[in-house]
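Open your viewer and get ready to click through a protein chain. Could you walk me through it, stop by stop, telling me what to select and what I will find there?

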Amino acid sequence: MAEHELKISGLTKHYGKTLALDEVNLTVQTGICGLLGPNGAGKSTLINLITDNVKRETGSILWDGNEILKMGAGFRRILGYMPQQQGYYADWDAEDFLVYMARLKGAGRTEARKRSGELLAEVGLSDVRRDRIGSFSGGMKQRLLFAQSLISDPQLLILDEPTAGIDPSERIFIRNYISQVAGGRIVLLATHIVSDIEAIADRIIILKAGRILRYETPETLTEELRGEVFESEVPLEKLPEIYRRCQVSNERRCGTGMLVRTIGRETGLALGGREAEPGLEDVYLRYFPNERR
């Protein structure tokens with residue numbers, strides 16, 4: 001199975017006076033790479049530059065050593081893209097939409113129809129292939145949007161918030177399907193939903209204010225917090241004080257009080273807590289403490 005490489009060097013982008021990306025340098029190889037950060041971190045801007053939907057100011061983007069701007073249509077053929085926003089002609093049916101997308105990618109009529117049928121079956125939409133897209137639920141639309149990103153069997157698959165705004169069962173389906181189709185591809189998965197990438201990502205990019213803070217395996221990131229995550233039972237009346245003093249990553253009812261999960265050894269011990277196994281949500285709180293307040 002061929003290995004691929006996406007290499008980004010010195011990538012910068014402004015929107016007016018706002019710096020969206022600041023000299024980003026990154027090398028991504030075959031596997032699932034989670035792009036993690038809050039809204040406004042620069043995730044969508046990075047994706048739009050990789051897909052060449054917006055013009056870059058400085059820097060280069062190389063696919064297997066070739067500048068994507070020079071590859072032109074050749075790069076678009078190996079690229080699959082699922083945008084954050086659903087954009088459909090509501091009166092089209094699902095099969096015609098996929099056939100249309102396949103034809104845009106250069107497939108012949110027979111090939112386009114065959115590939116569309118295969119993907120509709122894989123995402124569980126065969127029974128509604130002739131239904132109007134406008135009648136679909138949000139989760140069904142997301143599955144169809146995911147299917148179109150795979151229509152050309154891409155080597156580079158970019159997914160921008162693929163599970164945003166859908167129910168848990170649909171989210172699990174899409175997350176599992178991403179894992180199933182990832183073999184032999186580079187999959188770049190941008191999200192602010194930590195659970196979407198915790199179980200399936202090989203590596204994680206942490207992006208904040210247009211800069212890459214970390215690029216590591218999930219195991220490395222969580223191991224760095226070992227000994228810093230605590231769970232403590234506290235009475236309800238103490239919660240306001242806990243919020244002021246501690247980084248709280250989670251909480252749930254426990255008897256007459258709350259079981260509070262905090263980051264920081266000193267505060268955890270002061271609360272009389274017990275050490276807990278760190279997770280990716282704890283890592284997220286470490287880098288984005290204000291997101292949970």
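This is a predicted model: local features need pLDDT of at least 70, side-chain atom pairs count only at pLDDT 80 or more; totals for chains, interfaces and linings use all residues.

**Stop 1: helix H5**

Select residues 109-122, which make up helix H5. H5 has 14 residues and reaches 20 Å from its first C-alpha to its last, close to the 20 Å expected at 1.5 Å a residue. Now colour Ala-112, Arg-115, Ser-116, Leu-119 and Leu-120, the buried residues of this helix. Where do they sit when you look down the axis of H5? They fall within an arc of 135°, so they line one face of the helix. Show H4, H6 and H7 too, and you will see what the buried residues of H5 pack against. Then turn to the face that points away from the buried side, where Thr-110, Glu-111 and Lys-114 are exposed. Before you leave, click on Gly-124, which follows H5 and has a positive phi, near 75°.

**Stop 2: charged partners around H4 and H5**

Side chains of opposite charge can pair when their charged atoms come close. Select Arg-113 and Asp-96, whose side chains meet in a salt bridge at 3.7 Å, N to O. This pair links distant parts of the chain, as Arg-113 is in helix H5 and Asp-96 in helix H4, 17 residues apart. Arg-113 is partly exposed at 36% relative accessibility, and Asp-96 is partly exposed too, at 31%.

Next, select Arg-129 and Glu-95, another salt bridge, with 3.9 Å from N to O. Arg-129 lies in the loop between helix H5 and helix H6 (138-149), while Glu-95 is in helix H4 (residues 94-104), so the pair ties together parts that are 34 residues apart in sequence.

Now show Asp-93, Glu-95, Asp-96, Arg-113, Arg-129 and Arg-130 together: they are linked in a network of salt bridges. The count for the model comes to 25 salt bridges.

**Stop 3: helix H7**

Move on to residues 168-181, helix H7. This helix has 14 residues and reaches 20 Å between its first and last C-alpha, close to the expected 20 Å. Highlight Glu-170, Ile-174, Arg-175, Tyr-177, Ile-178 and Val-181, which are buried. Seen down the axis of H7, the buried residues fall within an arc of 160°, so they line one face of the helix. What covers them? The cover includes strands E3 (31-36), E7 (156-160) and E8 (186-191), along with helices H5, H6 and H8 (194-198). On the other side of H7, look for Pro-168, Ser-169 and Gln-180, which are exposed.

**Stop 4: Asp-196**

Click on Asp-196, found in helix H8. Asp-196 is buried, with a relative accessible area of 3%. Which residues does Asp-196 touch, not counting those up to four places away in sequence? They are Thr-163, Arg-171, Arg-175, Leu-189 and Thr-191. You coloured Arg-175 at the previous stop, as one of the buried residues of H7.

**Stop 5: one more pair**

Finish with Arg-214 and Glu-216, which form a salt bridge with their closest N and O atoms 3.5 Å apart. Arg-214 is buried at 17% relative accessible area, while Glu-216 counts as partly exposed at 23%.

Key
Residues are numbered from 1 along each chain as its sequence is written. Side-chain values use heavy atoms; hydrogens and water are left out. A salt bridge is a side-chain nitrogen of Lys or Arg within 4 Å of a carboxyl oxygen of Asp or Glu. Helices (H or I, at least four residues) and strands (E, at least two) are DSSP runs, numbered from the N terminus. Buried means under 20% relative accessible area, exposed over 50%, partly exposed in between (1.4 Å probe, protein chains only). The expected span of a helix is 1.5 Å times one less than its number of residues. The arc is that of the directions from the helix axis to the C-beta atoms. Contact means heavy atoms within 4.5 Å.
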